Amino acid sequence: MDFNVRKLATDAGIFFSRAVQFTEEKLGQAEKTELDAHFENLLSRADCTKNWTEKIYRQTEVVLQPNPGARIEEFLYEKLDRKVPPRPTNGEILGQFMLEAAKEFGSGTPYGSTLIKVGDCQRRLGGAEREFLQTSSISFLIPLRNFLEGDWRTISRERKLLENRRLDLDACKARVKKAKAAETKAGAVPDFQETRPRNYVLSASASALWNEELDKAEHELRVAQTEFDRQAEVTRLLLEGISSTHVSRFYMHAALTHATHLSRSVCLALISLLSFRRCPDSLDVNCHPASSPTDPSAFLPLNSPSPLETDALQIEEVQPPASGTRKAKVLYDYDAADSSELSLRADELITVYTVPGMDSDWLIGERGNQKGKVPVTYLELLS
């Protein structure tokens with residue numbers, strides 16, 4: 001083992017010097033180099049970002065997985081670099097129970113046929129919930145965790161290094177100030193009386209020693225100032241880059257999109273349950289068994305178009321404005337939720353425009369003969 005005594009002594013001396021400087025600053029006995037207002041503002045914003053990101057990350061984990069035991073299990077699998085075993089959602093388990101019960105009762109019985117339809121809808125609802133949880137984890141939790149465990153650790157390390165450089169700089173300033181005071185005092189003491197030449201020689205020697213000490217202290221001050229300025233610039237660039245590491249609106253929109261799909265599945269499941277309560281197969285002769293239990297048009301007048309048909313008809317009738325169309329580059333893949341939307345593929349170019357009364361988060365997109373609504377956050381609008 002290579003044991004460098006000289007390096008150990010040097011590090012101990014630096015540590016002691018910083019500790020003395022820090023203590024004197026806290027006691028008000030030493031001056032402290034203050035950072036400019038812009039730098040202090042960046043530090044404040046960085047701390048605020050870290051605190052709120054940490055809170056949002058922890059609470060999102062609780063929302064996505066309310067079971068503390070399951071969260072601990074996933075944490076252990078992650079630390080062991082092992083894949084988390086697939087875990088069905090409660091909706092999928094309930095749907096599976098309904099389907100197994102339907103087999104027992106028989107699909108030809110009213111109860112069995114109802115359980116098959118409701119169980120299948122419940123199973124699809126559980127699958128949509130599982131997809132939402134997976135997408136939220138990938139698109140929202142992972143970027144937050146990468147910021148806390150990656151970018152923020154780097155920033156914290158550089159901030160600590162900057163604080164050490166500042167302590168070294170202030171310690172060098174204190175040594176220069178002390179050396180100047182001692183040199184001034186030594187220069188004023190010499191006795192020029194010829195009867196006391198020894199005192200004159202001693203005073204001149206002391207003055208020369210303090211002059212040499214001052215030169216050394218000033219050299220160390222220049223080196224410390226250079227290192228401090230360099231470290232301050234590195235830290236400032238990292239702090240200014242926090243705004244670019246914030247979780248972008250795309251991740252929030254992705255979570256919102258899957259939440260919307262999930263809510264649609266919930267509505268369809270409720271429609272199914274209500275339809276079976278109102279129209280059991282063998283009890284109501286006015287029911288229409290041919291219509292799908294998940295079809296929202298079952299509750300509309302007979303001559304009324306379904307919501308999907310209405311949306312598709314409106315999209316087809318939309319005409320691009322005479323001026324105001326723009327080109328847009330697709331940033332991420334997007335699968336259309338229904339026939340009124342347009343599926344997107346990353347890096348392709350499409351034409352987009354807006355129409356009166358349309359949600360500001362959506363645009364009308366055209367690709368050849370295809371047309372449909374597209375989310376704004378998946379696009380980069382080109383001039």
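Here is a short chat about the sheet and the cysteines in this predicted model.

Trainee: Which strands stand at the edges of the open sheet?
Mentor: Start with the strand order, β4-β3-β2-β1-β5, paired antiparallel. The two end strands have a single partner each, so one side of each is left without a neighbour in the sheet. Those edge strands are β4 (370–375) and β5 (379–381).

Trainee: How big is the average twist from one strand to the next?
Mentor: Keep that five-strand open sheet in mind. Going from one strand to the next, the twist averages 40°.

Trainee: What stands opposite R367 in β4?
Mentor: Look at where β3 (residues 362–367) meets β4: the two run antiparallel and six bridges join them. They form a hairpin with two residues between them, and G368 in that turn has a positive phi of about 65°. Opposite R367 you'll find Q370.

Trainee: And which residue in β3 is the bridge partner of V352?
Mentor: That takes us to β2 (residues 349–353), which is antiparallel to β3 and joined to it by three bridges. V352 pairs up there with G365.

Trainee: How many residues of β3 are buried?
Mentor: Buried here means under 20% relative accessible area. By that cut-off β3 is largely enclosed by the rest of the structure, because the buried count is five of its six residues.

Trainee: C172 and C48: is C172 buried or exposed?
Mentor: C48 is partly exposed, at 41% relative accessible area.

How values were computed: Residues numbered from 1 in each chain as written. Predicted model: local features only at pLDDT ≥ 70, side-chain atom pairs only at ≥ 80, totals over all residues. Heavy atoms only, no water. Pairing = 2+ DSSP bridges. Helix = DSSP H or I, 4+ residues; strand = E, 2+ residues; numbered from the N terminus. Axes fitted to C-alpha atoms, helices over the stretch in contact; angles between N-to-C directions. Buried < 20%, exposed > 50% of the residue type's maximum accessible area, 1.4 Å probe, protein only.
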